[in-house]
Amino acid sequence: MMQVWNIAIKELNDGLRNRWLLAISLLFAILAAGIAWLGSAAAGQVGFSSIPATIASLASLATFLVPLIALLLAYDAIVGEEEGGTLLLLLTYPLSRGQLLLGKFIGHGLILALATSIGFGSAAIAIALLVSDLDIWLLIHSFSRFIFSATLLGWVFLALAYFLSSKASEKSTAAGLALGVWFLFVLVFDLSLLALLVFSKGQLNPDLLPWLLLLNPTDIFRQINLSGLGDSSSMNGVMALGQDLPITNAGLWISLFVWLIFSLGIAHFTLRRRAI
């Protein structure tokens with residue numbers, strides 16, 4: 001276990017030295033604060049509107065940003081070490097490939113968890129201090145659920161990045177694959193699902209469609225946060241299908257954990273088969 005922890009500390013220190021933690025935290029804090037006070041500007045209202053509206057907007061923002069940042073953080077975790085000549089050196093020590101992967105995941109996961117907690121948490125603190133007549137327990141519960149689910153979503157894409165990095169032969173290839181995965185899950189999947197709804201003309205089994213959302217971790221993340229608001233008006237587009245999904249909120253959390261375990265599993269399998 002000491003070998004795993006040493007790798008994790010190395011990755012965490014690299015993230016601190018490269019200002020990853022600071023940059024991500026500041027980005028999340030600025031965007032979250034901006035959404036909290038300017039999210040209703042299009043409706044002619046400037047200032048904090050409500051906790052559900054803020055969480056719904058932040059969930060949409062995190063759907064785009066968190067997977068992208070996670071992929072950028074780890075897309076070269078394996079292939080970059082190999083190109084730098086350090087992967088072979090690391091594996092000459094009493095360190096298995098599984099331990100190497102787990103150590104990198106813990107280190108990168110800590111960076112992402114700290115940045116998410118600091119960034120979005122600072123926005124929650126600002127709301128609590130600056131907004132009067134606020135249900136503080138609703139704020140704590142909503143932001144805690146949002147921060148933890150955003151962190152878990154980021155961990156899923158970290159694991160997917162390790163899979164891509166173990167599969168690619170060059171860093172440039174890994175970067176291209178990471179961008180493709182981001183487009184697939186964040187943009188293409190939902191558009192494809194909408195196209196399927198339109199062109200099927202009602203011929204598809206309506207009971208099947210909501211289950212398709214579970215094939216996309218970003219949709220599961222949004223369902224967790226939007227279903228917890230108790231406001232069906234925030235469910236629009238593909239997300240409206242989630243109202244017919246016959247599983248509880250706990251089932252959605254389990255689905256996101258299954259995505260994490262599956263992604264780490266295929267990353268480990270691919271790394272073990274990689275020729276070095």
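Predicted model: local features only at pLDDT ≥ 70, side-chain atom pairs only at ≥ 80, totals over all residues.
Biologist: Which helix does T54 lie in?
Modeller: T54 is part of helix α3, which covers residues 51-74.

Biologist: And how far apart are the C-alpha atoms of T54 and W37?
Modeller: They are separated by 8.6 Å. Along the chain, T54 and W37 are 17 residues apart.

Biologist: Stay with α3. At what angle do α3 and α7 pack?
Modeller: About 25°, with the two axes 8 Å apart.

Biologist: So what does that make them, roughly parallel or roughly antiparallel?
Modeller: Roughly parallel. Angles under 35 degrees count that way, and α3 and α7 pack at about 25°.

Biologist: Is the crossing of α3 and α7 left-handed or right-handed?
Modeller: Right-handed.

Biologist: What sits in the contact of α3 with α7, by class?
Modeller: There are 21 nonpolar residues and four polar ones. No charged residues take part.

Biologist: Now the core. Which residues touch the most other members of the largest nonpolar core?
Modeller: F146, F157, L158 and Y162. That core has 71 residues.

Biologist: Which helix gives the most to this core?
Modeller: Helix α7, residues 136-167, with 14 residues.

Biologist: Take F146. What does F146 touch, not counting residues up to four places away in sequence?
Modeller: I55, L58, A59, A62, F120, F221 and N225.

Biologist: What about a second core? Which residues does it include?
Modeller: The second core is separate and has five residues. Among them are F189, L209, L212 and L213.

Biologist: Switching to T218. Where is it?
Modeller: T218 is in helix α9, residues 217-227.

Biologist: Buried or exposed, T218?
Modeller: Buried, with a relative accessible area of 0%.

Biologist: What is T218 in contact with, leaving aside neighbours within four places in sequence?
Modeller: T63, P67, L153, F157, F185 and V186. One of these, F157, is also on the list of core residues that touch the most other members.

Biologist: Zoom out. How many helices and strands does the chain have?
Modeller: Ten helices and zero strands.

Biologist: What percentage of the chain is buried?
Modeller: Buried residues make up 48% of the 276 residues.

Biologist: Last one. Of the contacts with a separation of 6 or more, what share comes from residues 24 or more positions apart?
Modeller: They account for 82% of those contacts.

Methods:
Residues numbered from 1 in each chain as written. Heavy atoms only, no water. Core = buried A, V, L, I, M, F, W, Y, C linked by side-chain atoms within 4.5 Å. Buried < 20%, exposed > 50% of the residue type's maximum accessible area, 1.4 Å probe, protein only. Helix = DSSP H or I, 4+ residues; strand = E, 2+ residues; numbered from the N terminus. Contact = heavy atoms within 4.5 Å. Axes fitted to C-alpha atoms, helices over the stretch in contact; angles between N-to-C directions. Parallel < 35°, antiparallel > 145°, perpendicular 65-115°, else oblique. Left-handed = near helix turned anticlockwise from the far one by under 90°. Nonpolar A, V, L, I, M, F, W, Y, C, P; charged D, E, K, R; others polar.
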